[in-house]
Amino acid sequence: MLKLKSVNLKKDKVGILVIPVCEDKDIHDNQTVSSLAKKAQKIKGFKGEKDDELTFYDPDQVNAEIVTFLGLGKQGKLDTEALRALAGKTVKKCIQKEFSDILIAVPSEKKTKLKTADILEVMLEGACLGNHLFDKYKKEKKLKLLKQINFLVTAETAKKFSKLPSQVSAICEGTKLAREWVSMPSNDKPPAQLAKIIAERAGKESLKVTVLDDKEIRKNKFGAMLAVAAGSQNRPRMVILEYRPKGAKKTVALVGKGITFDSGGLNLKPGGSMAEMKMDMAGGAAVAGTLISVAKLKPKMNIIGVIPLVENMPSGSATRPGDIIKTYEGKTVEIGNTDAEGRLILADAMAYAVKKYKPDTMIDLATLTGACIVALGEKIAGVFSSSDKLANAIISSGKKTYERCWHLPMPEDYKESLKSEFADTNNISKEGGGGSITAAIFLSEFVGKTRWAHIDIAGPAYVRKDEAYCGAGGTGFGVRLLCDLMGKL
Ligand code: BES
Ligand code: ZN
Ligand code: ZN
């Protein structure tokens, strides 16, 4: 639980107080906090440089058992991400030390040149996201989450921002659910099972939940989904989550790639690159997480989440390279490579979303191409759009949430490379380079005239090692960005 709390440090009893410190400048308004920080910086070995740490036990001046100081580096370089990371690291450390209740001092607006609203939002967010463990698959659950995370502010600030803790918690809840679903192994999330897990969780919110089963997928002629599913014993599902508040005028469709495991199909992936392909449903997880969050945040617009869930496996019944399949939209596709399966299931899901829900805007999220990692590395997502305004809105939400995005082009003449001699299009490009671009261009064939953006999250959807406010595994990338964006479209 997050709480903004005004505490009299001299009188009120506190377990652990955490104080962020800059090396060159005092950043606190609370005089007791400032004077403690000053004292800490007189001690050899602690300057307040980034990641410096110092602990006082049974300190004087305050009625706390422990005061821990954490370095932030130079004040001039301080930004919101540094505060988000500090809050996340603080919580993780306190989990390790088996605390259950902590108090974090909040830097001041005047002394940092950051806005109070932003300081509070990112610190609450980092702390809440850091307060997460994925130990479902461990026999021994060694650690416990913090029960209460308090932020030291004035009574006035606590009142002014009284709604913030529940808003941040709502966004983090969707993010943490997405993380868990991505981290879960593929043997525990075949399409039917994952559909059930998502539907059950979404059913607890004010969302309309629909799951299309194998029979309905056939009846609707989702030919591209069925082609990808052909090699697997685990049958596909389509999950649809609808948030429709009263008085909403605009409709946004969010579509997420939900490949529960991507072996590559008959174009089998080599060993190393196959092992992490449980994360290939991260786009779908982010869409589901976002809908669960927006059901609590209640923006004034209709938001429809469409999540095709399919397992891509090789077998005697698998789709072959060279096969020609017919999509839901009607176009035929020659399968140049069975490992380019994400664009196929998205083609059906997006054409369906356009036809059925006629959205004003559609955004898809997908761990679509390894090429996007080559281009932008593992931390930045690629954004493609038919509208520069929409791309810019996504990039700006990405800056605010530190879910970073970069605008990539969809040049008209690259379409040529997807031509097939026998079908309406091929699912891979004849040319060597620009794999993320040609994948986006393929998708653009299935959105009609809808204002649309595609976010390739192949890089940032998953991390191998612990980070400041995220453990190893799924990152939930996209949930925070989309929650921010939904209020703005
Ligand atoms: N799921 C992969 C893309 C991916 C790679 C995601 C690495 C995350 C990390 C996708 O289905 C895929 O296999 N894409 C191929 C496309 C190629 C066959 C045109 C790729 O990127 O190699
Ligand atoms: Zn693939
Ligand atoms: Zn894939």
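The model is a predicted one, and the values below were all computed from it.

Let's start with the metal. Four residues hold the zinc ion (ligand 3): Lys 257 through NZ, Asp 262 and Asp 280 through OD, and Glu 341 through OE, at 2.0 to 2.5 Å. Along the chain, these donor residues follow the spacing K-x4-D-x17-D-x60-E. Six donor atoms surround the zinc ion (ligand 3), and the arrangement counts as octahedral because of the angles they subtend, which run from 77 to 172°. For reference, six ideal octahedral donors would give angles of 90 or 180 degrees.

Next comes the backbone. Asp 58 is not a glycine, yet its phi is positive, at about 45°. Asp 58 belongs to the loop that runs between strand 3 (53-57) and strand 4 (64-71). With a relative accessibility of 67%, Asp 58 is classed as exposed, because the cut-off for that label is over 50%. Lys 221 is another such case, a residue other than glycine with a positive phi near 60°. The loop in question for Lys 221 lies between helix 8 (214-219) and helix 9 (223-229). Its relative accessible area is 62%, so Lys 221 is exposed.

Finally, the rings. Searching the whole structure turns up eight aromatic pairs. One of them joins Phe 222 and Tyr 352 edge-to-face, with 5.1 Å from centre to centre and 75° between the planes. Phe 222 sits in the loop between helix 8 and helix 9, while Tyr 352 is part of helix 12 (residues 342-357), so this pair ties together parts of the chain that are 130 residues apart in sequence. Phe 222 and Tyr 352 are both buried. The two also belong to a cluster, in which ring pairs link Phe 222, Tyr 328, Tyr 352 and Tyr 357. A ring can also meet a charge: Lys 331 lies over the face of Phe 446, 5.4 Å from the ring centre.

How values were computed
Residues are numbered from 1 along each chain as its sequence is written. Chains are lettered from A and ligands numbered from 1 in the order in which they are written. This is a predicted model: local features need pLDDT of at least 70, side-chain atom pairs count only at pLDDT 80 or more; totals for chains, interfaces and linings use all residues. Side-chain values use heavy atoms; hydrogens and water are left out. Donors are N, O and S atoms within 2.8 Å of the metal (3.2 Å for Na, K and Ca); water is not among the atoms, so sites may look incomplete. Four donors count as tetrahedral if all angles lie between 85 and 135 degrees; four count as square planar and six as octahedral if opposite donors are over 155 degrees apart and all others between 65 and 115; anything else is irregular. Helices (H or I, at least four residues) and strands (E, at least two) are DSSP runs, numbered from the N terminus. Buried means under 20% relative accessible area, exposed over 50%, partly exposed in between (1.4 Å probe, protein chains only). Rings of Phe, Tyr and Trp (its six-membered ring) pair if their centres lie within 6.5 Å; planes under 30 degrees apart count as stacked, over 60 as edge-to-face and the rest as tilted. A charge sits over a ring if NZ of Lys or CZ of Arg is within 6 Å of the ring centre and within 35 degrees of the ring normal.
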